[in-house]
Amino acid sequence: ASALAFFHFDVRARRGEWTSAPALPTRKEFAATFSHVKWFALQMVAPTVWLQTPVLVFAATGVAGAEIAAFLLMRTMVNQIRQSFQFAAVGAGLEIATFSHAGDFKRAWEVTAQVGRMTTVICGGFVGGILAFGRTVTYYWTGENDLYDARIAAAMLIPLLVIAPLQQPVALLQYANRSREVGLLRLGLVVFGPLGCVLGQWLGGPPALAAGLGVAEVLAYATLAPRLATMPALSG
């Protein structure tokens, strides 16, 4: 509200001829938000659980030193790749969702598929680059060759490549107000992530924890597959 007020009075001060008032939601639109809030709330919870759980598991099991440094370094590298195509997916999702709000979800779905192919190729290029040159990148980044763990890198990168095609559909569903589907995905991350971390660390240390986290992410996205199969462009 304060940002809206600041914007309103700032524009009025600079442009005295501007008379348009901010558009306010209708009573129906305001009431509809309550059905979405519980699902969108997971957007704040899921990333925190996903990022902090491995660190807590490491702390509880006494992992320290080079092992945790290698894990966090690989995760940072992988998250940089993730952001490279997620930013594109989010920006495109905002624009594509206008088709859905205009009543043409099938058209939105078709454009989503086109952009999704591009973002998947971007992800695949980065994943291949890290798998091929990750040790060199790590050396020039940190000055240490030993911090690159090929097992952790593969355990993080391969699941990322698996879920890359779903990033654009997720962005469309979110901005098309299909919050339940996206909420169930994030709920899956919250539930499966900690389980994968604990089980993986128990079975084989940090590399297995990374693998458990990757499997958990794939499983969470798999919960979305049945819903995607009912979308207009797929069901005809």
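The largest pocket of this predicted model has a volume of about 930 Å³. The chain holds 10 helices and 0 strands, where helices (H or I, at least four residues) and strands (E, at least two) are DSSP runs numbered from the N terminus. Local features need pLDDT of at least 70, side-chain atom pairs count only at pLDDT 80 or more, and totals for chains, interfaces and linings use all residues. Residues are numbered from 1 along each chain as its sequence is written, and side-chain values use heavy atoms, without hydrogens and water.

**The largest pocket**
- A pocket is an open set of points on a 1 Å grid over the protein atoms alone, where a 1.4 Å probe fits, with protein on both sides within 12 Å along at least five of seven lines; its volume is the space filled by probe spheres set on the points.
- Its lining (residues with an atom within 4 Å of a point) comprises 30 residues, of which P47, R82, Q86, Q167 and Y221 lie nearest the centre.
- Two or more lining residues come from each of α3 (42–61), α4, α6 (150–163), α7 and α8 (179–222).

**Packing of α4 and α7**
- Helix α4 (residues 66–101) and helix α7 (residues 167–175) pack at an angle of about 45°, with axes 7 Å apart; axes are lines fitted to C-alpha atoms over the stretch in contact, and angles run from 0 to 180 degrees between N-to-C directions.
- The two helices, α4 and α7, are therefore oblique to each other, a term for angles left after roughly parallel (under 35 degrees), roughly antiparallel (over 145) and roughly perpendicular (65 to 115).
- The contact (heavy atoms within 4.5 Å) includes F85 and Q86 of α4 and Y175 of α7.
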